[in-house]
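Work through the exercises below with the sequence and the model at hand. Each one is followed by a solution in steps.

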Amino acid sequence: MSESLTTEQLKEIAGTFGTPVYVYHAEHINGQYKKLTAAFARTDTRFFYACKALTNINVLRHIKSIGCQVDCSSVNEVKLALLAGFEPEHVLYTSNGIHFSEIEEAIGLGVNINIDSLSNLQKFGARFGHSYPVGVRLRPGIMAGGNLKISTGHDKSKFGIPIDQLDKILTLVNEYDLLVRTLHIHTGSDIQDLDIFVKGIEVLFDIIPKFRDLSSIDLGGGFKVSYKEGDVETDIGLLAKKVREAFSDHPNPNGKPLQVWFEPGKFLLSAAGYLVSEVNVLKETNTTTFAGLNTGFNHLLRPMFYDAYHRIENISNPFGPVKPYTITGNICETDTFAWDRMVNEIREGDLLVFYNAGAYGFEMSSNFNSRVKPAEVLVKDGKAQLIRKREEFEDLLRNQIL
Ligand code: LLP
């Protein structure tokens, strides 16, 4: 089974379900997961899909069906994961900035937790002491890549407990006899440089000996995917080798081998997803030809929010002459997907596809301008199944007091 959808399949789905529509390809997810498990076959590893990338329950069920576990960033994501059928011990809750009551709720649901502030760690100790295992999220002081919006381990990041407050963590561990099972770091998303992961591990090696109950090290997510022509994906084989070498150089002083956890989001979902949209209007000006689509940053925020590049193709005119277009949305704000992008000649009514739209695409969508969210379709075994209906006008009124 091919690991990408053909433009013919995408056109057919657009015809059946309308546009804009998000389309996800199950077999692609399987392929990415296999790359991870094959590369890390010689290391005791657990993979938790970072479901903030995409939480459609059908996708969660699919992720479960291939044996992957799940990482959540809110207690509602935890509830979705449980609803999708994950066993609590296969669910991880890595929170930040949350009220302690959410941690209590997650513990009530029996899932693994990583805590990322001294304040919540203290509350956790006072309430649960040694009775529930806990992970501690650290801020390792590592800058990953150049994009501050998606780099999370540096010295000004809000995430994790700064590593220089280790003595305070240890004071709490002693005071409440905490059962610290996991140390967690996540340095960011779209990390090209493998040595960032190695640096993270090295930071942890210095402090691992101080936690006698440790059984796992959680290195978070952040593997790079290929967004642009010529981009490379994280070399997972090489990463696995580096991780293996780092661990064999530093056996756990308490004698127990440490399990390695990862929380990949993009790596599993990004290239498995497509956003198919239709061209509403063409506008010629002195300098620019605009193609205005029936979508906008309300559906795909990444270009405007991160300056992210998404490959765009005109699947209705694949052999048309290539010309420059500024591709925009229909939102009453600047919502440019691409400036002066070379695309096969665009005509009103053509279908344009955004690639790499599976992770943080639908999931970051909104109802801005009172526009409805798109439909979602999952293709599995060659069959396209609607997994979320397109919203309707009535959905905009839901919860409003009329
Ligand atoms: N673990 C933690 C604790 C995280 O905060 C994240 C992402 C992940 C795992 C998964 O990272 P991934 O493997 O997907 O890179 N919305 C942005 C990316 C920010 C993700 C935030 N946390 C984007 O569209 O590029």
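**Exercise 1.** Which residues make a nonpolar surface patch of about 370 Å²?

Solution. The model is a predicted one. Step 1: the patch of about 370 Å² is made by F393, L397 and L402. Step 2: place L397 in the fold; L397 belongs to helix α12, which covers residues 393-397.

**Exercise 2.** Decide why L397 counts as partly exposed.

Solution. Step 1: take the relative accessibility of L397, which is 30%. Step 2: compare it with the cut-offs, where buried means under 20% and exposed means over 50%, with partly exposed in between. Step 3: L397 is therefore classed as partly exposed, because its value is 30%.

**Exercise 3.** Find how many cavities of 30 Å³ or more the structure holds, and describe the lining of the largest cavity.

Solution. Step 1: there is 1 cavity of 30 Å³ or more. Step 2: the volume of the largest cavity is about 40 Å³. Step 3: its lining consists of I185, H186, T187, I196, F197, G200, L219 and G221. Step 4: sorted by class, this lining has 4 nonpolar and 4 polar residues, and no charged residues.

**Exercise 4.** State the volume of the largest pocket, and which lining residues are the closest to its centre.

Solution. Step 1: the largest pocket has about 580 Å³ of volume. Step 2: 27 residues line this pocket, and K52, T152, H186, S189 and Y360 are the closest to its centre. Step 3: by class, the pocket lining divides into 12 polar, 8 charged and 7 nonpolar residues. Step 4: look for H186 in both lists; H186 lines the largest cavity and is also among the residues closest to the centre of the largest pocket.

Methods
Residues are numbered from 1 along each chain as its sequence is written. This is a predicted model: local features need pLDDT of at least 70, side-chain atom pairs count only at pLDDT 80 or more; totals for chains, interfaces and linings use all residues. Side-chain values use heavy atoms; hydrogens and water are left out. Patches are made of residues with over 30% relative accessible area and no salt bridge: like charges are joined within 9 Å, nonpolar side chains (Val, Leu, Ile, Met, Phe, Trp, Tyr) within 5 Å. Accessible areas come from the Shrake-Rupley method with a 1.4 Å probe; for residues, only the protein chains shown count as cover. A salt bridge is a side-chain nitrogen of Lys or Arg within 4 Å of a carboxyl oxygen of Asp or Glu. Helices (H or I, at least four residues) and strands (E, at least two) are DSSP runs, numbered from the N terminus. Buried means under 20% relative accessible area, exposed over 50%, partly exposed in between (1.4 Å probe, protein chains only). On a 1 Å grid over the protein atoms alone, a cavity is a set of points where a 1.4 Å probe fits but cannot get out, and a pocket is an open set with protein on both sides within 12 Å along at least five of seven lines; lining residues have an atom within 4 Å of a point. Grid points are joined across faces, edges and corners, and a volume is the space filled by probe spheres set on the points. Ala, Val, Leu, Ile, Met, Phe, Trp, Tyr, Cys and Pro count as nonpolar, Asp, Glu, Lys and Arg as charged, and the others, Gly among them, as polar.
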